[in-house]
Each structure stands twice: as C-alpha cells, then as structure tokens.
6 protein chains.
Amino acid sequence: MAELPLYSGLEHFRVTGPAPFVAHVEIHRPTKLNAFHEAMWLELGRAFRQLSVDPDVRAVVLSGAGDRAFTTGLDVQAASQGDTLSGGGAADGARRAAHIRRHIVEFQESVGAVEKCEKPVICVMHGISYGLAIDLSCCADVRICAKDTRFAVKEVDIGLAADIGTLARLPKAVGSTSWVKDVCLSAREFGADEALAVGFISQVHESKPAALDAALKLAGLIASKSPVAVQGTKELLNHGRDHSVEQSLRYTAIWNSAALQSDDMQAALLSGLKKTKPRFEKL
Amino acid sequence: MAELPLYSGLEHFRVTGPAPFVAHVEIHRPTKLNAFHEAMWLELGRAFRQLSVDPDVRAVVLSGAGDRAFTTGLDVQAASQGDTLSGGGAADGARRAAHIRRHIVEFQESVGAVEKCEKPVICVMHGISYGLAIDLSCCADVRICAKDTRFAVKEVDIGLAADIGTLARLPKAVGSTSWVKDVCLSAREFGADEALAVGFISQVHESKPAALDAALKLAGLIASKSPVAVQGTKELLNHGRDHSVEQSLRYTAIWNSAALQSDDMQAALLSGLKKTKPRFEKL
Amino acid sequence: MAELPLYSGLEHFRVTGPAPFVAHVEIHRPTKLNAFHEAMWLELGRAFRQLSVDPDVRAVVLSGAGDRAFTTGLDVQAASQGDTLSGGGAADGARRAAHIRRHIVEFQESVGAVEKCEKPVICVMHGISYGLAIDLSCCADVRICAKDTRFAVKEVDIGLAADIGTLARLPKAVGSTSWVKDVCLSAREFGADEALAVGFISQVHESKPAALDAALKLAGLIASKSPVAVQGTKELLNHGRDHSVEQSLRYTAIWNSAALQSDDMQAALLSGLKKTKPRFEKL
Amino acid sequence: MAELPLYSGLEHFRVTGPAPFVAHVEIHRPTKLNAFHEAMWLELGRAFRQLSVDPDVRAVVLSGAGDRAFTTGLDVQAASQGDTLSGGGAADGARRAAHIRRHIVEFQESVGAVEKCEKPVICVMHGISYGLAIDLSCCADVRICAKDTRFAVKEVDIGLAADIGTLARLPKAVGSTSWVKDVCLSAREFGADEALAVGFISQVHESKPAALDAALKLAGLIASKSPVAVQGTKELLNHGRDHSVEQSLRYTAIWNSAALQSDDMQAALLSGLKKTKPRFEKL
Amino acid sequence: MAELPLYSGLEHFRVTGPAPFVAHVEIHRPTKLNAFHEAMWLELGRAFRQLSVDPDVRAVVLSGAGDRAFTTGLDVQAASQGDTLSGGGAADGARRAAHIRRHIVEFQESVGAVEKCEKPVICVMHGISYGLAIDLSCCADVRICAKDTRFAVKEVDIGLAADIGTLARLPKAVGSTSWVKDVCLSAREFGADEALAVGFISQVHESKPAALDAALKLAGLIASKSPVAVQGTKELLNHGRDHSVEQSLRYTAIWNSAALQSDDMQAALLSGLKKTKPRFEKL
Amino acid sequence: MAELPLYSGLEHFRVTGPAPFVAHVEIHRPTKLNAFHEAMWLELGRAFRQLSVDPDVRAVVLSGAGDRAFTTGLDVQAASQGDTLSGGGAADGARRAAHIRRHIVEFQESVGAVEKCEKPVICVMHGISYGLAIDLSCCADVRICAKDTRFAVKEVDIGLAADIGTLARLPKAVGSTSWVKDVCLSAREFGADEALAVGFISQVHESKPAALDAALKLAGLIASKSPVAVQGTKELLNHGRDHSVEQSLRYTAIWNSAALQSDDMQAALLSGLKKTKPRFEKL
C-alpha cells in the first residue's frame, strides 16, 4: 500500500492509509527487530504530533514490521554508544544528572506524543514486545495482540527502573496491582492470555495478520463516526484518569458546551433513522 | 407492594419497601422503555437526596420497570424538542455555550445524587441498558445484571462524547483501560459475561427477577448491619477513589474519631457472641 | 532456620534469611491465630522500618505462622480492654475524638511501614485472613495465597468502617469497584479463586507450603537483580498510584537522573551477554 | 430604591437595582445587627443561586443594613436553641456527628453560593464584622470596607474552629500566613488599615456610604463590560485557586474555545475605536 | 526559670513553662550561635513530637539563646565531617543518592515536627537567622522578630538548593513570588522591616526581649482559650494550605462533627456572658 | 552591544551578553510598541527553549525596546486578520472550538517557555505594559519596573477572559485575591507603587535605564553563584507552587540526592573562607 505523502519522509516508520480516515503507522526497522534508537523516537514524536492535527486522519493503527517482534525495545547497543549514561561526559554528579534528566524528558515527550495524539490509537502487538514496547503501547488507547506475543517489562534486567512511562501508566491501565508489581519487579515474560486476563490487552488473535485485521476494522468503525464525538471521548477519558470525578465532570461540561454546538448530532441521528451512513466535516 | 408514602408523589419512579430498611426504586416509564427526559432526571435527583437522609432506609435497590430495558438512556426525541442544543436560542456561540453548560451541570448533579446518597445503592440491570444507563449505574455502589442485558456506551453514535458521568467514572470502576476505550470509542454493544469479566458487573443472574432477588438479598444483608459502619464504608470508599492513599488515611482517621463513639460496636460484638441479631439505632 | 540476629529481639515476629538477600518475616502469635494487639503492630512497624534500610535485605516475604490463619485480624478482646474506644476515658466527645484519632494514626503508620519499606514485600496468605489481614496485605507489593484462604473485609461486622488502610488501598489494588464495594459493605467471605479472578491475588497455590515456596522463589529472583533497579521500580510504582501520569513522569526523570549513575547497568548488561550471574553492590 | 421583583419575597435580604445590570443585596435584620440564623442563610443561598443565572444581573454588591454592623455573625442565641449541637438529640456520638455534619455541609453550601454565583460579587463591610462576616466576605470577589470596620475571626472565642469557610479561604485570599494564623488563633479584632495592609481588603473608605458608593461604581463599571469576558474571568480565577497552573491553562483553553465564539469582542473593539459604549447581549 | 521535667533530658534545647499551658523552647547551643548538627535536629524532632501530645501544653514559643543569633543555620563544619555528602562513601552515584536521600528525608521530618505539632508554635527571631533558621521558622504558625534580625535564605551561597523546607513553605507563607524568588536566588540578606512588609513576619519589636515578651503574651492568650477550638484551627489551616477549598470544607465538616461535641462551647459562651475566665479540660 | 551569535537569527528579539553568563533578551518591535503577533510569540518560545539549555547562560533579563512600552500586548489588528477567531473558517461550533483551542494551547506553550526556562528570568517593565505584558511577566521569576509603568490586565476590555496565563499565575504571584479580582474584572490601569505594594513587583526604579541596570546587577549576582544551586532553586520553587508541601519535600529530597553530588559546594565553601570568587563548571 502506498505511503501517505505527508509522512513519506519518515525513515523508520511507514504510514499508509488502508481505509478512509485511517492511518496505519508501522515501526519499520526490520533488520534490528524494530529496536529504537534516539533518532527513531524523535521521529515517532514528530509523526504523532502531525497525525494529531491531520484532518484526514480519524483513527490510527500502530504496529511493528516483520514477523518476529513488535519491538525489542531500546537498542541497547546504540544507547551505550551515546553519551547519555556518561552524563555527557561531565565529571560532576549534579551535572551528569542534569544531562540525563533532559535526555529522559525528551524521550518521554516523544513517546508521550502517542497518548497526546487527538485521534484514537490502536496498538497491535506480536512477537517480542519488550521494554519500550510496553511504554509505547501504554500510550495507545486500545491494545490488541497476536497469540504469539511475548511481553516483558524488561528494564530491571538491564539494571534500571523503566522511565519512559510504563511505571506511570501500566498500573492505571490494568486492574491488578499485585500482577503489575510481579511483572515489573521480576522482569519475567508473560503471554497473550495472561495479558488478556488482567486486561492489559482487550483482544487476542491467532496471528499478527489477524490481529492487524481486527485493529483495522475497529479503526475503520471508529473513523466512520463523528470525529467531534470520538476525539472528545478520547480527551475526556484521558483527562479523567488524572483527575477526580468532580474535576472531570466539570471539565466535561465545559468541553461539551462547545462540542455540542455541532451539526454532527443532527447528522448522526438522521442517518440512524434513515439507516444511511452519515458524513461528518473534517476535524 | 405498596409505595413508601414519603416517595409516593414521584411520577416516574416507584419506591417500595420490600424489607426492613430497604428501599426499592424502580424507574417507571414503561411506555418509553424507561427513557429519561429532563423532568425525570430532576425527579431522580430529588428522590435520592431524600433517600440519603431518610432514617428508615439503609440500603437502596435501583432497577427498571418492564421486561425489555433497564433504560434506553436519554429520550432523544424529547431532548431534540427542548432548547438545550440550540443553546436557548442564543445567536452567539459563547452564550449558547453558557446555556448548554448550565444544562449539563444540572443533569450531572441530578444523576450524581445516586452516588452522593449516603446509603449503598445496588443497581440491577437488564435488557437494553444504553447511554444514560451506564452513567446512572456507574453512580451505584454494586452492579448486578440479568444474562440478557445489552450494554452500550452509546453516545458516540448520536454524535457526542458522554457527559453525564460515564467517561469520568467507568475507567475508575473497571480495571482495563483498553476495554473501556474500546467500548466508549466504538459504541458497540457488550453483554453480561463481558461486563462480568472486566469487573463492571459483579454478579450475573439468569433473569431479571433472579437478579432483582439477589440484589434485594444483598440489600437486606447490608441493611441488617450497623448503619454507622455501612455508611462510613461507602463514604470512605468514595473519598478514596479521588484522593491519594495518604489523604484517605487521614480523612479516615478523622471520620472514625467520631464514628467509633458509637454503641454499634458493642451491639455488633455482643450479638456476634450471642448469635442474636443486633439492633442499631436509626441514622 | 535461624533468625536473623538484627531482628532476634522481636517478640511476635520471626525473621529468618532463607536465601541471600531475602528476609522471611513470620507473624508469630500462634496461640491466638496471629491476632494483633497494639504492642504487636508497633513491633511490626519497627521491623519493617529496619528492613527498609537493611543493606543485607533486597526482598521480603511476609507470612503467618501455623496452619489455620494468616491472621484473624485485630485481637478484639485485647482491644476492648484498652482505653481507645472509651477515648482515654474523656467525658467530652471532642477529647475522646482526639484520643481515638491519635490512636488510629499510630496504628496506620505501623501497618503502613510495610508499604513504605524500600524493598519489595511479597505477602503469602492462607487460612483465615480477616480484617487487618486485608489492611496488611494491601501494603505488600505482591499477594500470593493458598487455596484454602478465607478472606473477609470483616470490619463492618464489628460495627465500624475499616480504618487501617483497606478502604484506601483495596480499590486501587483491584479493578472492579462493584466487587470491592460488595465485599466491603457485606463483610462476606471470599475465597482464593475469587481473589485471583478480581486480581487481588496474583497466584494461588495448593497449600500454604506451596504458596510460601513460590513466594520465596519470586523473592530470590527479585533479590538476584540490581537493587537500584528493583527499589526504584517499587518507589516509582507506589508514587504513580497517587499522582497523575504527568507528575509521575517528571518524578521518574528526576529519580533516574541519579539512579542511572550506577554501575549496575554495566554489570547487568555484561552478565546478560556472558550468561553469568551479576554481582551488585549493597543498597 | 425599589426592590427587584424577582427577589421581593426574601425576608432577610433586600435586593435593589441601583444601576443597569447591577444588583445590590442588603443583609437586612437590623434589630439583631444582621446576625444570621438558619432560615436566613438558607435564604441567602437561594438568593445567590438566582442571581447567578439572572440575565439582568452582571455584578452584585453585598452589604449590611444599618450603621453598626455588616453582621455580627452567627446568632448564637438562636443557634443554641436549635438541635444542631445536641446532634439532633441522639445519644450516640456517631449519630450526633452525622447530624452535625449534615448541618455544617448545608450551611457551607448556602454561604458558598456567593462564591459560586457566576457574576462578580463586591462585598462592602462596615462596623462589626465578626465570625460569619469573614466566612461570607471570603466568598465575595472584591472586598471594600469603611474605616470603622471591626473585623474578627471570632469563632475560637466561642469554643470552635471556624467551619463555614474562613479557614479554607482566608489563607488563599491574603498573602501572610503568619498574620492569618495570628488572627485566627487569637480571635483578636483588627481594623480596616490592617486589613488593607495584608490585602484582605482592597479599598478603605471614610464611611459606610462612601464605601458603598465606591462598590456601586466598581459594579457599574464591571457591568458595562462584556459579560462573557467578565464571567469567564471570575470562573477562571476561581478555578485557578484550586488547581495547578498547568491544569488551569488547559481549562482556560477549553473555556475560551467556546467563549471566543462571541460577538462581544467585535463589539468591544469597535466601541473602543469609536469611543462609544458597547452593548452586549444578555448572559 | 526551671525547665519542665518532661523535657529536662534535652541537650541542645531548654524547655520552660513561663505561664500556664505555655511551653518556651529555646535553641541552646550558645557557643556556636545555635548552629544545628545532626544530633540536634533529631532532638528537636523528638521534643516537638512530645509537645504535640503533652496535655499540659497549649501553645509553644520557640526562640534562640543568646544575643547574636536565632540560629546561623546548619553547622557547616560538622556537616562536612559527616559522611552524608560523600554518600556514605559509596562509589556508585545511585547508591550515594540513596544515602543522601534518606539523610534529607530524616532531616525534613525532624524539622517538620514543628509544623505537625498539634499546638500552635510562635517563633521569635533575632540577630542572625540564616538558612535553617528560615526552614525552621516556616514550620511555625506565627513569626515575630526583633528589629535587629538579619534574615537570609543562604543555601545558594554554599552551593545547594535549600532542601529542608524553605522552598516548599516560604512561597505559601508570603504573598509576593517575585520577592521570594529574589531572596532565594540571590541569597541576599533582608531585614525585619522588609520581612514585615512582605508578610513573612507579622510583628517587629525593638529588641529580642520585647519580641519574646510579645510572643509569650500571645501564647498566653491562645493558651487561655478552648484547646479544642485552637488545635482544630491550626489543623484546619494547615490542611487548607495543601488542599482545594472544596476538599477543605469537607474535611472541616468531618472534623467539627466530632469537635462540636464538646463542653467547651458552653463554657466559652457562659464565661463570655459572665465575664469570667473559662476553664477547659485538658487535651 | 553585540548580539549573541546563537540568537542572531531572531527577528523580533535582540539577545546580547552584557556580563558573563548573563543574557539580555529585548523584545524588539519598536514601530509597534512591541505588540505581539503570532510569528513573534513562536519565536519567543524558541528563544527561551534555547536559553534553557545554553551552558553559557545562567541568568536572563527580559525587557522591551524603546521608551514607551514594555509591550502593549497582543497586536489586535494582526490578530483580527488571522483566522483564529473565525475558527479557521469552520461553520460548525465544535470545529471552530477545536481550531481556537489548538491556537490558544500553542500560544500558552510559547509564552510558558519563559517559565520553563531552567535559568532564572528577571523581567524589567516600563511604560505601557498591558495584557500580554502581564501574562509574560508572570512567567518570569523576578519582576522589576520603572516608575512610569502603566500596568493593566486589559483583556476584559476587548471582550475576552485572559487566556495566556495571567488568570492562572497572577493570583499565585501576589497575596491579595481581592486586588487581583479588582484589576482583572475592571481592566483598570495600575501603577508601579500599587504593583509594589501588592507584591507583583519587587523593585521600582526611577527610570527604565535604572530598572534595567538593577536587573542586570541582580542577574550578574545570580550568575556568579553555583548554577547547580541556582537552577535547583528555581525548579523547586516552581514545583512547590503547584504541589502540596509534602509532595514538594519529597521531590526536593530526590532532586538533591543527585544535586548534592556536586563539586560546587566545596568550591562555594572554600571561596567563602578564602574570600575568592568561586568558579563553577558549566551547566
């Protein structure tokens, strides 16, 4: 499938348009099992900031190229050649800390662009899905996987606490704290069924193609609905996670005081009555 | 069963007293599958504000009249005849927004009275349970349903983001964010088993009567216990949802510094030893 | 197994060292089914404050002595002989309240030392696990149990709302609010399978010895990893529970700006490549 | 001046319309130096909930009738005849607490209606302004006083901690915590100059009539401006007090995404250029 | 004046009882201008934890012995001999960080005991009041000083950001952020008049004895009032600083639901009418 | 003075280096009294993001070119020619809102870069300082002004609530809420003395050159100190504004666990003893 022109300059990601208003973002570094290095996550951030405001996109599917891995996570070899861990070479502990801190913040912001993207993002996982794979998928809205997926919050095994988002988002994405701490502290692998049982994943499919197909169907369904309604729903659910119910209700009322001034409701209601497919203006 | 006199003036709800200290509130607009219009939710709010301080009530069961629906949600026809979406007819976007905002806030406060009710509320769902059905049940403490229940966070399909509480409360009521976003963004139906698996519902029964029976039994059990203990437990669980553990512990200590000055503990302990049924003063 | 000398003065707890860097804390009041009185929880607090900074400990297993109970909870008889509920004998409601409040706060802080312990704590439950058993286990990081465990949030049955942490922590430890409110309001018993299904427990084993064995294996695994990574992971997960994702990400970046200035990453990576067991400095 | 018809049924307050879009609310119980009893604060709450949505009101001035007192605060005599402090006559400390709690909450909500009023409220104080006078004025937006005003956070002198809002709002209304604690802990009187120096008051005038005149002028000025702009400003300032800067900025952007869809900007700009007085639609 | 027996074992503080229910705590290391070393701040923490629950104390005055300094702050010489800055001698940056972190937390908790003390604390400053002097006085409720006081947030001049509380509490204690940042970033000295003008101090007196005298008078006045009212007022003001107005109002209602069950109101009212001095039970 | 090469490409700002480690940023659109249009605030954001990490900058002074105005605020003419207020030309209220929201957020982030700049920013105001002038200066750390400065929170007069930060930051920057609401609701002008009295400004000087001179001196002083200490102090003060004291203390301890691993303390102490000027490594 042809790449969407707006995104054709990306080096490590392929962005195609498999259906109207649906963008498919593929992590594309197949020679390295889609492992991430710095230029790559910076590119990821730029891509999702663009998708966020692209009026031709209403839903995004994110997957990894190749059969073996969604992504093996951080490219440790590349990382160890950079100067981050040496703190930019500073002799002083405080200055090394500043260097490291700025680096982590930039990394977090790049990956966090997936969560901040105004359009829903459906993540399709398969094969090895280690470390950064978890950070990244936690930023997506819906997680779907193939039966063969091998998940691990792997960071402890390379001597660090995960710092790109897993420890902040995973406990809020699944219901069992005991399970979260088990997998985060032990760095052990878990499979698709376990991920489904605890609610990290909401669908498991036989194979990567089947999972991708399901994701594209869901994305197509979402993209067929009012973008005012869909994007408002994503925004309000994300806001709700980090605020009290009372704060959320107030924010929701303010949000909808503008969002309800839309023709989409009329269009949606009419098409519901007439059994036709509604058309919604771009957003 | 006879209506409780204090609530006999309600037009769209029937409130009966099937057991000591138990009130059963039935949404009662059977000709319209219990769909809600404005006068109805205002009445709902008044009813639960009364139940909250009614010393003869210690547990509440909320269900919908008829075989086909707990409630189909908002009465869209009635809503489209009101002046809310036209912003009270104002020409100006800002003034329309103010009109809509006040309307949403009033709607939220009416439905929110179920959550604020000091007595536990057990919600029994069956048949069609769309849109406002979810907002409403999210305000209850325990959710029980019949096997035939057809749930949907339906708002996206009529062109808006749900604004009466579902997006604020549902993610805090169940463990899987991926699932929550799936059903909220797609507006798809889900059934009783799925609702049980993700923890939205805590019991599924063969039929509406069986579900109602189970709810009344649970309500009866709760109503037989110390109202100081029960109402304190509801308050502290609700407070905890929106505060840090540390804030919660402090609030709990302050709350119990008065609540432990009660004869109920003595009564509960004695009746435990003597295998008798304790009597507790009204609250 | 011999007690660890540093903890040999404890009266109601036995602390042994079954594996390198693993401490096993056993609640040890077998004549009373491990029921807690005041001196006992104060001792518990002191023990875990010590474990928190003990460089020879990297993971802790907490279990209860005897076959019949992890703990039956508060020793109600002992409590009723104390002067807490009489408010220290004060005539005045406000002064009684101050007395009770200080007592609850001290009790909360003692039990909370398990949560604040910088090393991961794995709690193994079996038999009767009522009341304080839940408060206590909610402070642990991972919960494992034997098939025979009988759990209950029992406080309502003795006339009070649980105030040592269950109502603050349990809803954040499991995904289904409907289930949490059911068991907290009804005080009913639930078993291991139900606890597993809702995610309160993350492993169920055939017997107490099997559960203990699994816990010690997990503790051993965790203790073999970088303590910088492990303790950072616990800290960041606990911080995340009570803060927004954005606050968490920032805190994480600051934390790791120092934690990444460690030799553990190098050691972990090398041993990964060489398939050897890394050695980490004490922490 | 004639009372505004909408408010003519009030027993303890006189509401007049001294200028276009300005309402003047006078506490009017001159025989008792404007001391408040329960029926009176309930009426206050109703009045301000009405003013909040009254399209003919854009600014409110609140003052006290008579020469001697804005208000002496709670009518202690009336309060001691009620059943609040006896906890509704309950024998049990927990039940008395519930009774008292509900009473305080209702009292807080009545007085808080002044803060929640969507239109700015300018409070004019003079003479004795004790206890509830401070709670009440802390809910206003701007505080102006006569030189003879005698302020006191008097509650400690009648044996209680102020609970209708002073302790929550005063520290956020003035800059010096040391001063706030001094006057709250000592219950001492302070005068207009001291109140001005610490920023509690923003204008002091020679006499009550002069202060009232200044307040009416300010109210008139505010009422001449875009109500979209004015009411948005009040809302955003109140929101900001209780949220982080980041939360505030986001809320502001959402709020103004509707509020900027107004003709008022055009009208304001044009009238600025033409030196004419703009006319704004009702809100 | 004789030391209070309960506190006579303190090495670096003298605690006397100059008036009924008033304790005077004097920092007493005159040979070193009251500079603090580790043993000293640990002792400070213990002393204030005792004062907090001492029923014979209702108000505390804190001052520094000698003519020249309230305190010059941290004893830098002693600190440089300890092993804190060397991180306990650890080679590894992460382990040094853990060592330093635990040290700072313990230091913060010791000084924070002044703020957590349930009884009001009036701090009297004079002469050199540098660094820790500001941290410490920010924990007090009321700050009074002599004209000769020389204040400085001195930490930047010894190469660190103040970490014992000044940067957290000072901006919430005074109104002008521009001023706070000026003195914290420049480490410059400021005098009593400037401290008064910005509201850091609420009274300035001619000399240390005059300031101490004023503090003792204020403490005596506070100690003569209902301890239920006074201690509640302190608690609620401290709670309010860190919570929204809405959270504060709720907490206040819960607090007073027990606190109003006191005989102190009756006693206070009667003595007000009879112009007698009320007697209040211990707390 | 020559522009700093790194910033010489800026069109609307001149950045010079008047002293070691000091950058002077001048708003430079003299033909329009420094009024801001969109390209200009985007440039401002980029400039301060660069200053934030520029190791040759330790303190920043921000002022406006010309004699008459710091800045008159938003260039209303330019704004009315853009498509923001028309919501990008969308017909639909919801889509117009999305367009406006994105525009405001981008504007807020550009101006907010001044606050997020890791180095302290001293703002020097003079002449007309309206609207955006207040938003902008509220992001600075220290505010200094000339006697002739004419301040106004002018937005209400052009029909909108200020949305670039004034309403979020001003109430937290000064102590008197009554004053803040007065100037924000009335849009009236206020002068340097009033700004000083309420603490918005911390120094007033006779003329713009005198004010600028004072700012440069202060910047020079700050730049001569340990950048680890200075930048930590700014970070912790900003963090503290939006968090509870307890959260702040914890964050501070984590921050300093790395920051104290610095040679700056040794250097600062030694130079203090030797009366020499310390040299600090870049940061």
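This is a predicted model: local features need pLDDT of at least 70, side-chain atom pairs count only at pLDDT 80 or more; totals for chains, interfaces and linings use all residues.
**Ground rules.** Local features need pLDDT of at least 70 and side-chain atom pairs 80 or more, while totals for chains, interfaces and linings use all residues. I number residues from 1 along each chain as its sequence is written, with chains lettered from A and ligands numbered from 1 in the order in which they are written.

**Sheet, chain C.** I looked up the strand order and got E1-E2-E3-E5-E7-E9, an open sheet of six strands with mixed pairing. Strands (E, at least two residues) and helices (H or I, at least four) are DSSP runs numbered from the N terminus, and two strands pair if DSSP finds at least two bridges between them. At the edges I have E1 (13–19) and E9 (203–205) of chain C, each pairing on one side only. Then I checked E3 (59–64) against E5 (121–125) of chain C: they run parallel, joined by three bridges. Val60(C) stands opposite Val121(C) of E5(C).

**Helix H1, chain C.** Which residues of H1(C) are buried (20 or more other C-beta atoms within 10 Å of their own, C-beta atoms placed from the backbone)? I listed Met40(C), Trp41(C), Leu44(C), Gly45(C), Ala47(C), Phe48(C) and Leu51(C). They sit on the same side of H1(C), because their arc (of directions from the helix axis to the C-beta atoms) is only 165 degrees.

Definitions and conventions
A residue is buried if 20 or more other C-beta atoms lie within 10 Å of its own, exposed if 12 or fewer, and partly exposed in between; C-beta atoms are placed from the backbone.
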